[in-house]
Amino acid sequence: MATQEFRRAETRRLLLTAATELFARQGYHATSVETVAAAAERTTGALYDHFGGKPGLLVALLEDWIALTVAGLTAGMQGVPDLDGRLAAMWSGLIHTDDEAGDAWLLLEFELWLHAVRDPEIGQIGAERFRQMRGGLAVALNDWSAEFAIDLPGPADEVAAQLIALLVGMAFQHRIDPAAVPAGVVLAGLRRLLELPGQPMLLAASADQSLHVH
């Protein structure tokens, strides 16, 4: 049983990996299920068994994308003692490039975003994932407010939505022109949105250097 479960999990992983690369490079509509199955060295029957077809494959990729975005927003924050460090860790995790996947996920982000806007079913799934993301960040903001004795500039759920909008918007710009959106600019924007007093503990130059993605 364990071997069968492993094989199914491996088949699913290979199909998703192939779809990630092909959808990113060729686009969703230009990629057939046969092409994905061949690239994964699996049958089209296996693809339909796991995902029900190409739309189901796109849904699975969308869910993975949102999960990666959530992980990026929270990665590296554990054990960071200061608020600026946590904000910097959120940005660093969000723009980190997977060395194995290269820039395929970066291209796929835009492909998935377009389909989430155009396709109501995909859009509902994306909206639910973003609701979960906002909810998790709102909890963190309330915790930070108590821990660092700061007043949030509005209800935590609203501030969470604004922070995510700023981070994702900055990340999209960073994908195209990294030099135009250095880490120091992002950190300053996050601090302004949160209406934090004083100067950031991380200077712009040092933040840019520490958050540079290789």
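**Close-up views of a predicted model**

The protein has a mean pLDDT of 84, and 85% of its residues reach 70 or more; pLDDT is the predictor's confidence in each residue, from 0 to 100. The model is predicted: local features need pLDDT of at least 70 and side-chain atom pairs count only at pLDDT 80 or more, whereas totals for chains, interfaces and linings use all residues. Residues are numbered from 1 along each chain as its sequence is written, and side-chain values use heavy atoms, with hydrogens and water left out.

**View A. The largest nonpolar core has 61 residues.** Such a core is a set of buried Ala, Val, Leu, Ile, Met, Phe, Trp, Tyr and Cys residues joined through side-chain atoms within 4.5 Å. Buried means under 20% relative accessible area, exposed over 50%, and partly exposed in between (1.4 Å probe, protein chains only). Phe23, Val36, Leu87, Trp91 and Leu141 touch the most other members. Helix H8 (residues 156-176) gives the most to this core, with 11 residues; helices (H or I, at least four residues) are DSSP runs, numbered from the N terminus. Domain 1 (1-52) and domain 2 (54-194) both give residues to the core, so it lies between them; the domain bounds come from an automatic or database assignment.

**View B. A salt bridge joins Arg8 and Asp49.** A salt bridge is a side-chain nitrogen of Lys or Arg within 4 Å of a carboxyl oxygen of Asp or Glu. The closest N and O atoms of Arg8 and Asp49 are 2.8 Å apart. The pair links distant parts of the chain, with Arg8 in helix H1 (residues 2-26) and Asp49 in helix H3, 41 residues apart. Arg8 is partly exposed at 39% relative accessibility, as is Asp49 at 48%.

**View C. Glu41 has a positive phi, near 60°.** Most residues other than glycine have a negative phi. Glu41 is found in the loop between helix H2 (33-40) and helix H3 (44-51) and counts as exposed, at 68% relative accessibility. The UniProt annotation "DNA-binding region" (unreviewed entry) covers residues 32-51; such annotations may be inferred rather than shown by experiment.

**View D. Confidence is lowest in helix H10 (residues 204-210), at a mean of 43.** Over residues 202-214 the pLDDT is below 50, and beyond near neighbours in sequence this stretch has 19 contacts in the model, a contact being heavy atoms within 4.5 Å. Where pLDDT is low, the predicted coordinates should not be read in detail.

Methods
Helix = DSSP H or I, 4+ residues; strand = E, 2+ residues; numbered from the N terminus.
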